[in-house]
Amino acid sequence: MGFLLAGLGACIALLVRDLHESPDRLAVLSSAFAVGLLVVAAIGPLLLRLGSITKVLRGGAFVCAVGALLLALAPSFVVAVAGGLLVGLGGALLVLIAPLLLDGPAAATRLTRVNAVASATGIFAPLAIGGIDSLGPTGRLALLAPIPPLLLLSAFARPAATHPAQTRALDPAVASLPAVGSAVIGMPGDSGVVLLPAAGSAAGESAGGGAAGAGAKGVRAVVRGWFRVVLAVAVEFCFVVWAVARLQATGLPTASAALLGSAFPIGMAVGRAIGPLRVRGWSPVVPAGALAAAGTLLVSLSGTPVLVVAGLTLAGVGVAPLYPITIAELVATPGLSPTRLAALGALASGTAILLAPAVLAGLATVVELRTAFLIPLPLLMALFAISRPLTSARSHAS
């Protein structure tokens with residue numbers, strides 16, 4: 001999934017060329033991925049009630065493999081969009097059960113390691129796509145690489161004896177962890193992230209009690225936290241989807257643009273290794289967002305590939321901690337069950353992925369893409385405006 005998601009922007013750029021489609025029309029591909037996430041967010045708990053974790057794992061792997069195949073070989077716009085939708089559906093099923101498969105005392109550590117490996121794997125997607133494309137055939141063939149392991153998983157995944165996740169709710173602490181790219185680990189259930197049929201009644205009572213006792217102040221805090229997640233994910237996916245297209249606009253060949261598109265995931269990997277930056281009493285969102293804003297200006301205002309690549313790298317470093325910070329703070333909002341809040345985080349991420357890349361593409365039909373790439377700036381300014389009061393309030397509380 002790390003490979004497929006990181007290669008989405010390069011894949012869209014190649015589809016524009018291969019299918020002779022306009023970039024704004026192919027922006028629906030990222031929307032198809034988001035729709036897949038939202039669909040599984042709604043039906044995932046039902047699937048877990050009707051079947052075992054292993055069946056969902058196998059089904060998700062198979063659907064994701066079919067989607068990757070369609071994207072790699074798509075001869076038409078409709079087939080490409082169908083591939084994006086299937087990758088979204090299958091990938092969301094994998095994201096849904098990852099915490100359940102890694103459940104236990106060291107779940108947080110396991111998930112962190114899985115996400116780190118996935119982020120590192122994502123660096124190779126634009127490199128592989130650009131490398132293959134420079135050799136002659138379309139670089140979309142690189143998307144065939146994840147299919148064999150996905151099919152092996154689909155065919156040979158075996159059920160565990162008695163998995164602890166089948167008898168209790170998902171640990172709320174796990175729900176605050178970021179998944180691959182910006183796809184969320186937490187998926188909404190009836191009253192939380194993932195509540196399986198045999199979940200203890202204490203979890204349900206906690207969720208209900210928290211909802212009842214939140215009050216108007218709690219609702220305002222939740223709404224503010226929800227918008228923070230939307231803004232953070234929206235900024236990230238503007239770069240994920242359109243970085244390669246921006247490099248193309250500097251005059252680079254498609255293959256070279258796809259290769260250099262790895263600058264953003266490399267920056268993301270570095271940013272996640274560094275972790276959140278803390279400056280006095282400010283929220284860590286502010287210094288991270290400042291780096292992202294500086295990178296955005298370089299990407300938008302520069303006319304040379306070298307400066308655009310530098311801007312993408314800097315933006316990646318700044319953007320990397322935004323989603324983990326905002327989703328963790330949302331889940332930690334007092335007065336409501338963390339599982340309910342994580343479900344709202346899932347909705348926020350899906351909303352951002354659905355809208356942000358499409359809005360940028362639509363704006364690019366009116367102005368140049370380099371000008372349209374300024375759209376992260378107002379998003380970051382809004383994120384700053386929402387973050388500062390939260391930091392002040394927290395400081396007074398301390």
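Mentor: Residues are numbered from 1 along each chain as its sequence is written. In this predicted model local features need pLDDT of at least 70 and side-chain atom pairs 80 or more, while totals for chains, interfaces and linings use all residues, and side-chain values use heavy atoms, without hydrogens and water.

Trainee: Why are Phe-239 and Phe-264 called a stacked pair?

Mentor: Rings of Phe, Tyr and Trp (its six-membered ring) pair if their centres lie within 6.5 Å; planes under 30 degrees apart are stacked, over 60 edge-to-face, and the rest tilted. Here the centres are 5.2 Å apart and the planes 10° apart, so the pair is stacked.

Trainee: What makes the pair of Phe-239 and Phe-373 tilted?

Mentor: The centres lie 5.4 Å apart with 55° between the planes, so the pair falls in the tilted class. Phe-239 is in helix H12, and Phe-373 is in the loop between helix H19 and helix H20, 134 residues apart.

Trainee: Why is Phe-373 called buried?

Mentor: Buried means under 20% relative accessible area, exposed over 50%, and partly exposed in between (1.4 Å probe, protein chains only). Phe-373 has 0% relative accessibility, so Phe-373 counts as buried. Phe-264 counts as buried because its value is 3%.

Trainee: How do you know that Arg-25 sits over the ring of Phe-77?

Mentor: The rule asks for NZ of Lys or CZ of Arg within 6 Å of the ring centre and within 35 degrees of the ring normal. The charged end of Arg-25 is 3.9 Å from the centre of the Phe-77 ring and counts as sitting over it.

Notes. Helices (H or I, at least four residues) and strands (E, at least two) are DSSP runs, numbered from the N terminus.
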